[in-house]
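Please look over the model shown here.

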Amino acid sequence: TVRHGFTYQPTALAFDPVQKILAIGSRSGGVRLLGGPGVDCHCQHESGAAVLQLQFLINEGALVTACADDTLHLWNLRQRRPAILHSLKFNRERITFCHLPFQSKWLYVGTERGNTHIVNIESFILSGYVIMWNKAIELSTKTHPGPVVHLSDSPKDEGKLLIGFESGTIVMWDLRAKRADFRIYYDE
């Protein structure tokens with residue numbers, strides 16, 4: 001098959017700034033990898049589920065894909081034909097956002113229920129550590145903050161995680177102390 005032009009129905013993008021590779025996920029479950037001259041590869045998820053998000057393991061020749069069927073896949077890009085090394089299916093919760101800090105072995109996975117799960121990137125197994133939505137928001141707040149729409153690590157302290165909820169609530173979570181450092185509430 002000859003592929004010409006930009007990926008049809010793109011849904012996600014990721015870039016490895018060291019190896020200078022661009023990954024484009026599509027609604028049909030395809031992933032296209034573009035790099036320097038002669039680097040153009042297409043991979044396909046067997047399920048055909050839309051690719052929601054892509055995360056490179058920077059300069060390690062690996063890529064994590066989060067698909068609409070609530071499955072995470074770890075792709076090995078260090079071979080001629082990229083292949084899936086590991087897959088992890090979420091059964092009770094829908095994946096909404098993923099974040100992999102630079103040179104970290106922990107992948108943070110936000111869900112529709114507002115919880116944040118942590119996956120060990122080396123073994124591709126869920127850790128027992130879960131940041132539950134009701135622990136992240138104040139106990140006096142009874143309303144559900146909605147799905148996790150953003151996760152990012154602190155550039156000054158790798159033990160802190162910023163969690164953004166659909167309702168506008170933002171929480172700075174202390175991973176070591178297992179508590180919220182501060183919370184910000186927005187109406188928008």
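Is strand E15 (residues 170-174) mostly covered or mostly open? Strand E15 is mostly covered: four of its five residues are buried. Buried means under 20% relative accessible area, exposed means over 50%, and partly exposed lies in between (1.4 Å probe, protein chains only).

This is a predicted model, in which local features need pLDDT of at least 70, side-chain atom pairs count only at pLDDT 80 or more, and totals for chains, interfaces and linings use all residues. Residues are numbered from 1 along each chain as its sequence is written, and side-chain values use heavy atoms, with hydrogens and water left out.

**The four-stranded sheet**

- Four strands make up an open sheet, ordered E13-E14-E15-E16, with antiparallel pairing. Strands (E, at least two residues) and helices (H or I, at least four) are DSSP runs, numbered from the N terminus. Two strands pair if DSSP finds at least two bridges between them.
- The edges are strand E13 (148-153) and strand E16 (179-184), and each pairs on one side only.
- On average, neighbouring strands of this sheet are turned by 20 degrees against each other, direction ignored. Axes are lines fitted to C-alpha atoms, for helices over the stretch in contact, and angles run from 0 to 180 degrees between N-to-C directions.

**Strand pairs and turns**

- E13 pairs with strand E14 (residues 160-165) over five bridges, in the antiparallel sense. Leu151 stands opposite Ile163 in E14.
- The hairpin of E14 and E15 has four residues between the strands, and Gly168 takes a positive phi near 105 degrees.
- E15 and E16 run antiparallel and are joined by five bridges. Val171 stands opposite Arg183 in E16.
- The hairpin of E15 and E16 has four residues between its strands, and Lys178 in the turn shows a positive phi of about 60 degrees.

**The largest pocket**

- The volume of the largest pocket is about 300 Å³. A volume is the space filled by probe spheres set on grid points, which are joined across faces, edges and corners.
- On a 1 Å grid over the protein atoms alone, a pocket is an open set of points with protein on both sides within 12 Å along at least five of seven lines, whereas a cavity is a set where a 1.4 Å probe fits but cannot get out. Lining residues have an atom within 4 Å of a point.
- The lining counts 14 residues, and the closest to the pocket centre are Ser104, Trp106, Tyr108, Glu158 and Leu175.
- Strand E10 (106-111) and strand E12 (125-131) each give at least two residues to this lining.
- Seven lining residues are nonpolar, four polar and three charged. Ala, Val, Leu, Ile, Met, Phe, Trp, Tyr, Cys and Pro count as nonpolar, Asp, Glu, Lys and Arg as charged, and the others, Gly among them, as polar.

**Single residues**

- Thr65 sits in strand E6 (residues 62-67). Thr65 is buried, with a relative accessible area of 0%. Its side chain makes a polar contact of 2.9 Å with that of His45. Such a contact is a pair of N or O atoms within 3.5 Å; within protein, one must be able to donate a hydrogen and the other to accept it, and residues adjacent in sequence count only if both atoms are side-chain atoms.
- Thr111 lies in strand E10 and is buried, at 0% relative accessible area. A polar contact of 2.5 Å links the side chains of Thr111 and Glu93.
- Lys105 belongs to the loop between strand E9 (95-99) and E10. Lys105 is partly exposed, with a relative accessible area of 38%.
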